[in-house]
Amino acid sequence: MLGNFRLNMASSSSLGRVLTLCKQFQSVLRISPATGVQHCAVNLKICQNNLVSKKSSLIAPSWITPISFVGQHRAMHTTISRRGLEEFFDHPENWGESTVKSGAPWTAKQLRTKSNEDLHKLWYVLLKERNMLLTLQQEAKRQRVQMPSPERLRKVERSTIRLEMVVKERETALRLLQTGQERGRPGAWRRNMFGYEYWYRFKEYAVPWYMNKRYKRKKFFTPYFVQPHIRLRIERFLRERARKADLKKKSLAKLKERFPQMKVPSS
């Protein structure tokens, strides 16, 4: 009975010492924003000396040794602070300027040398720039003034289109390597009964195609009497495109007459 009582007392005292050491480590390793690395290293050094002086059998010296290297590590840090709605506006130094310097748009050759991670980051950079320029354009319309350097929006749009083209090229190359197909879903170019060409995506049916009534209802040919109407449709499309180009040229001439300092785009 007495032996069991002494054993319980020894275990309780050991447990108490472990709890005390845990509290000491918790108080030392608690780093507040005002506490620097040097102060933390000093506290850890004092704690280490106290532990070594007590010669506790519960902690091995090899477990204590790495504590002395904490002072050599970098301080705790976070990323840059995120800004608010001011990211939808241009830099303050560009406010009131008639022209803003900008670089050339990204070319497909430059984008092909980038990794997938860099293209992912660049996509969001271009997206933020586009949102900022659209906000600037809308504000210029509201104040009825000319937008400073409107060609920046066109440069961002061209870069975005080329970036998307490069990503599609990589997806197509990977698909050709893995499955041997150019598109995600196999198909073929077909012409309907009205003379329009479209990409027909293959589907799976429960019955063969020559027994499928639903498939037979689809017409993959153009009758001969539709050929004159196809020619008329092409002529109408060309006249409409010429009319839009003439209208755009006249509107640019009016804007140039109203704003002489405006730069007329080449295309």
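Here are a few friendly notes on helix 5 of this predicted model and its packing against helix 6.

1. Ground rules. Residues count from 1 along each chain as its sequence is written, and side-chain values use heavy atoms, without hydrogens or water. As this is a predicted model, local features need pLDDT of at least 70 and side-chain atom pairs pLDDT 80 or more, while totals for chains, interfaces and linings use all residues.

2. Overall layout. The chain holds eight helices and two strands (DSSP runs numbered from the N terminus: H or I of at least four residues, E of at least two). Along the sequence the pattern reads α-α-α-α-α-α-β-β-α-α.

3. Helix 5 itself. Its 28 residues, 116-143, should span 40 Å at 1.5 Å a residue, and the end C-alpha atoms lie 41 Å apart, which agrees (the expected span is 1.5 Å times one less than the number of residues). Just after the helix, R144 has a positive phi of about 60°.

4. L119, L122, L126, M132, L133 and A140 are buried (under 20% relative accessible area, 1.4 Å probe, protein chains only). Their cover includes helix 4 (108-112) and helix 6 (151-178).

5. Packing on helix 6. The two axes, helix 5 and helix 6, are 10 Å apart at about 155° (lines fitted to C-alpha atoms over the stretch in contact, angles from 0 to 180 degrees between N-to-C directions). That makes the pair roughly antiparallel (over 145 degrees).

Methods: Buried means under 20% relative accessible area, exposed over 50%, partly exposed in between (1.4 Å probe, protein chains only). Contact means heavy atoms within 4.5 Å. Angles under 35 degrees count as roughly parallel, over 145 as roughly antiparallel, 65 to 115 as roughly perpendicular and the rest as oblique.
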